[in-house]
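Please open the model in your viewer, with the sequence panel beside it, and follow the stops below in order. Each stop says what to select and then what is there.

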Amino acid sequence: MNVELKNITKNFGSVKVVKDFDLSVYENEFVSLVGPSGCGKTTLLRMIAGLERPTSGEILFDDKAVKDVAPANRDIAMVFQSYALYPHMNVYKNLSYSLKVRKTPKKKLRERVLEVANILEIDQLLERKPKALSGGQKQRVALGRAMVRNPSIFLMDEPLSNLDAKLRVTMRAELKRFHINLKTTTIYVTHDQLEAMTMSDKIAIINKGRLQQFGTPDEVYNRPANLFVAGFIGSPPMNLLKGRIVDEGGSFSFAIDSSKHNLPKSYNETLIKGWAGKDIVMGIRPQGLTLVRETTGQCSEAQVYTVENLGSEKLVDLIFGKKTRLKAQISSDETVRVDERVWFKVDENKMYLFNPESGNVLERAQ
Amino acid sequence: MKPILTYEAREVIKKAFCYFVLFVITVVFCFPLVWCLSTSFKPAKELFANPPTIIPDKYTLTHYKNLIYGKSMYYEADVGYKPDSSPPQHFLSWFLNSTIVTLGVTLISVVVSTLAAYSLTRFEYAGRKFIPYFALLSYMVPSIILVFPLFLVMVKFHLVNTLFSLILGYISITLPFSMWLMWAFFRGIPIEIEEAALIDGASRLKVFFQIVLPIALPGVISAAIFSFLVAWNDYLIARIFINSIEKLPLTVGVMHFFEGVHVNWGLMMASAVLMTVPLIFLFIFLQKQLVAGFGAGAVKG
């Protein structure tokens, strides 16, 4: 089922939680709504579920407005962050409740519940009450309760956030696989950009109730639309440095303190010319920085603050200029010592420039 | 230095002391009940025997028979009563009155308090935050203060001397507290559980009856027991609202076994035993829920 949000606004009293929100989710897509706490992502999901009414705007399911359709009749299923299992019913009854209230014949109901329990490997737990289940098992039951009805849309509100780190990684892969098998349109809310990146077909990045960018994981990672997306997506996050564009007889570079860095060729010259002499924000991911021991021009001097060894690579925290901090990622066989003086070089093809006032990225030619 | 007593010996002494204290407390609390039970089976002669007997020498069921078959007492006061009336003749109707009033109070106060508390926790309207505390406050007013104003209200509505006036009177005491108790319970149920049921396809009423109510069952049972006890044990309101002998509930009715200087202890104790029996069964069956219910209410309130 296609889901379309048109110009959605939601106010709680005088607080504007969601502002002029547009989004299109197509059949079979897995779309994540991601953003920091309080950005309005859960409210959006609840409006799609019909648990909240938008203050203005329209929600369309397959081009039909659903404003006056009760949650029960929207053909959706929702997995809650707290799982919201019925505590007085055992797993079998939890799974079968939606079929029971829809008056499914007993035999069919039983078959369907057993089928789902089998897929989720919870068929041993059918007689247990929720309080006798572990976090991971509860999560599976919550998922099973959503699956049992074969809904047209899955809505998931941070379903993995109550699990421990290891289980979360496992369940992430499983959820992804379920989506590949079931092909049901899924809208997934999370504050964890890694979850969004790894599972989604498309990601909607939300901040303060506004859509910042909507695109595939590749798009939002490689072509962030603004400073917020640049800082939010990617781990460790992108380094953002304030500097200015200098014009040296027709060749432009990004200058910060006393050092200069080449700009990528792909920038439109007339666009850059307009920025000459003005403040600008340069973004570079830790993977786009290389550390060298001696200056070769186009380098900036910095001091090593800490080194985090992740095994497969190392993260180096640098202090540069007037206490500006940035992170560089280097391979694990390079060695740097704490407090050592080093020079960093910016890979110009991985450089982004942002308008410091609007926060928007300066578009590069393709 | 070696301790004088081994660890095991000290543990035994500790335990023995605990059991001794528990035993003393139990005896103090149970003695009146045991005495009452024993007296109800004693023949009239043995009632004041010296030394007193805890286990009667001779058993008799006379007192119970008199209560149930309504035998006339040896002394009939007749003041203000029907000429042929004698207190034991009314015992069964008192029992019935008490049962009707108690069940009525329990049913109405549970139904109304549950619905009211649910609306207080789930719907938005002015005063919803303040009402539960206010209700609790009204429960703290001693009932003697409420009784006379209530009586005047009953007079206005021409309800005096009816069982219905008793039901209304008791509800005015049980409803606020029951509502507060249920409110504390419903507050503890996450709204997501109800939302999950709504999405699963249940109607609002189904959500209430199939999801919310079963989860809040310990609270419902506590509220029911509380209402039951208030209605079953009350003396004050019934003493004032009812003025004909056949409409009395048990508590006030059995006071007629005090007739001037004559007190029929046998009848008195037999009726006390019969009055206690329903409560004993109630507590045996619902003890677990009662503890859970009052505990939950206390913590969350």
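A residue is called buried if 20 or more other C-beta atoms lie within 10 Å of its own, exposed if 12 or fewer do, and partly exposed in between, with the C-beta atoms placed from the backbone. Helices (H or I, at least four residues) and strands (E, at least two) are DSSP runs, numbered from the N terminus. This is a predicted model, in which local features need a pLDDT of at least 70 and side-chain atom pairs count only at pLDDT 80 or more, while totals for chains, interfaces and linings use all residues. Residues are numbered from 1 along each chain as its sequence is written, and chains are lettered from A and ligands numbered from 1 in the order in which they are written.

**Stop 1: helix 1 of chain A**

Select residues 41-49 of chain A, which form helix 1. Eight of these nine residues are buried, so the helix is largely enclosed by the rest of the structure. The buried set consists of K41(A), T42(A), T43(A), L44(A), L45(A), M47(A), I48(A) and A49(A).

**Stop 2: an open sheet in chain A**

Now display the four strands of chain A that form an open sheet in the order 2-1-4-5, with antiparallel pairing; two strands count as paired if DSSP finds at least two bridges between them. Strand 2 (15-25) and strand 5 (64-65) of chain A stand at the edges with a single partner strand each, so one side of each has no neighbour in the sheet. Strand 1 (residues 3-12) and strand 4 (residues 56-61) of chain A run antiparallel and are joined by five bridges. To see this pairing in one place, select L5(A), which stands opposite I59(A) in strand 4 of chain A.

**Stop 3: helix 4 of chain A and what surrounds it**

Select residues 135-147 of chain A, which are helix 4, with 13 residues. From its first C-alpha to its last this helix reaches 18 Å, close to the 18 Å expected at 1.5 Å a residue, where the expected span is 1.5 Å times one less than the number of residues. Ten of the 13 residues of helix 4 of chain A are buried, so this helix, too, is largely enclosed by the rest of the structure. Among the buried residues are R140(A), V141(A), L143(A) and M147(A). The buried residues pack against strand 6 (76-79), helix 2 (91-101), helix 3 (106-119), strand 7 (153-157) and helix 5 (165-182) of chain A.

**Stop 4**

Most residues other than glycine have a negative phi, and most peptide bonds are trans. Go to E158(A), in the loop between strand 7 and helix 5 of chain A, which has a positive phi of about 45° although it is not a glycine. With 19 C-beta neighbours inside 10 Å, E158(A) counts as partly exposed. Then move to K183(A), in the loop between helix 5 and strand 8 (185-190) of chain A, where phi is positive at about 55°, again at a residue that is not a glycine. K183(A) has 12 C-beta neighbours inside 10 Å and therefore counts as exposed. Finally, select S235(A) and P236(A), which are joined by a cis peptide bond with omega about -5°; P236(A) is found in the loop between helix 8 (227-232) and strand 11 (239-248) of chain A.

**Stop 5: the two domains of chain A**

Colour residues 3-232 of chain A as domain 1 and residues 240-354 as domain 2, bounds that come from an automatic or database domain assignment. Their C-alpha centres lie 40 Å apart. Five residues from each domain take part in the contact between them, where two residues are in contact if their C-beta atoms, placed from the backbone, lie within 7 Å.

**Stop 6: chain B and its contact with chain A**

Bring chain B into view, with its twelve helices and two strands. The contact between the chains takes 14 residues from chain B and 17 residues from chain A. On the side of chain B that touches chain A, the largest share, seven residues, comes from helix 7 of chain B. The predictor gives the complex an ipTM of 0.83 and a pTM of 0.80.
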